[in-house]
Amino acid sequence: IPLPRLQQIQKLGKLDGSDILDHLDWSLIGGPKGDNEKALPPNGQMFLSWLMDQDILKEIEAAHEDDDEYIKIAVVTHSHFLKGDTIKLGFKPDNVDIWTAVLHRMDPGDGTEDILTFTDIEGWYQEKVNVKRQEIEKDIDYNSKKRHVKEKKYKGKIEANKETIDILTDSNPDARLENEDDIKKLKKSKKKIEKYNKKIVKKNEKYGSRLEQLQEQKAKYANPSDIAIEAAKEGDVDA
């Protein structure tokens, strides 16, 4: 149960000389009298009714009456209220989740209290989505490094065999060898170069396919907040 306004201020250090608290507006804590009576017991619908009745919100609505965009209000609450009380997600979100919704206020026309309802409920930032995305990004990094290591390994073997060929032919590709052992070494080195080139192609296909699949998975685990930030970086919209 929320404490009365004065006790909340005291708890936050007002009486201990914290300067930052001097700049905070406490007028909405516990209603006009600071008694919390209209906010109890904790209930999402009661909170919305209380919020809609605040003069400060009415003033904001009047000032933006002709605007095309929605008025944005940030509300910090407990996750269990989002599960089955306020926006009724049906599950308990993580503590750092950010959810957005459009609040509609409708006049029933019979003199009773306005009907308040949410639409367009969306997880703007979900921790579980972000965690999964990070796991996929680690897998992408691992496979990218693995492909690089394999390619470097086989290219090193190719270069070693090219050096053997250069030594045998004195760097003349048209040279004709007469020594049987040198001829065998030359053929063997050429075959190894061909084999390692094929291995490079095969490994690139394997890891390339894997990385493509991971990128597709990553795209599915993108929070709208991530997309907005990326768009802002590219200069398309403001984050």
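Modeller: An angle over 145 degrees between two axes counts as roughly antiparallel, and one under 35 degrees as roughly parallel. The model here is predicted. Two packed helices are described by the angle between their axes and the distance between the axes. The helices in this case are α5, residues 127–169, and α6, residues 180–220. An angle over 145 degrees meets the cut-off, so α5 and α6 are roughly antiparallel to each other. The crossing of α5 and α6 has a hand as well: it is left-handed. As for the residues in the contact of α5 with α6, 18 are charged, 13 are nonpolar and eleven are polar.

Most residues other than glycine have a negative phi. Lys88 has a positive phi, near 55 degrees, and is not a glycine. Lys88 sits in the loop between α4 (79–84) and β1 (98–106). The relative accessible area of Lys88 is 55%, and exposed means over 50%, so Lys88 is exposed.

The other detail is Asp120, also not a glycine, with a positive phi of about 55 degrees. Asp120 belongs to a strand, β2, which covers residues 115–125. With a relative accessibility of 57%, Asp120 counts as exposed.

Methods. Residues are numbered from 1 along each chain as its sequence is written. This is a predicted model: local features need pLDDT of at least 70, side-chain atom pairs count only at pLDDT 80 or more; totals for chains, interfaces and linings use all residues. Side-chain values use heavy atoms; hydrogens and water are left out. Axes are lines fitted to C-alpha atoms, for helices over the stretch in contact, and angles run from 0 to 180 degrees between N-to-C directions. Helices (H or I, at least four residues) and strands (E, at least two) are DSSP runs, numbered from the N terminus. Angles under 35 degrees count as roughly parallel, over 145 as roughly antiparallel, 65 to 115 as roughly perpendicular and the rest as oblique. A crossing is left-handed if the near helix is turned anticlockwise from the far one by less than a right angle, and right-handed if clockwise. Ala, Val, Leu, Ile, Met, Phe, Trp, Tyr, Cys and Pro count as nonpolar, Asp, Glu, Lys and Arg as charged, and the others, Gly among them, as polar. Buried means under 20% relative accessible area, exposed over 50%, partly exposed in between (1.4 Å probe, protein chains only).
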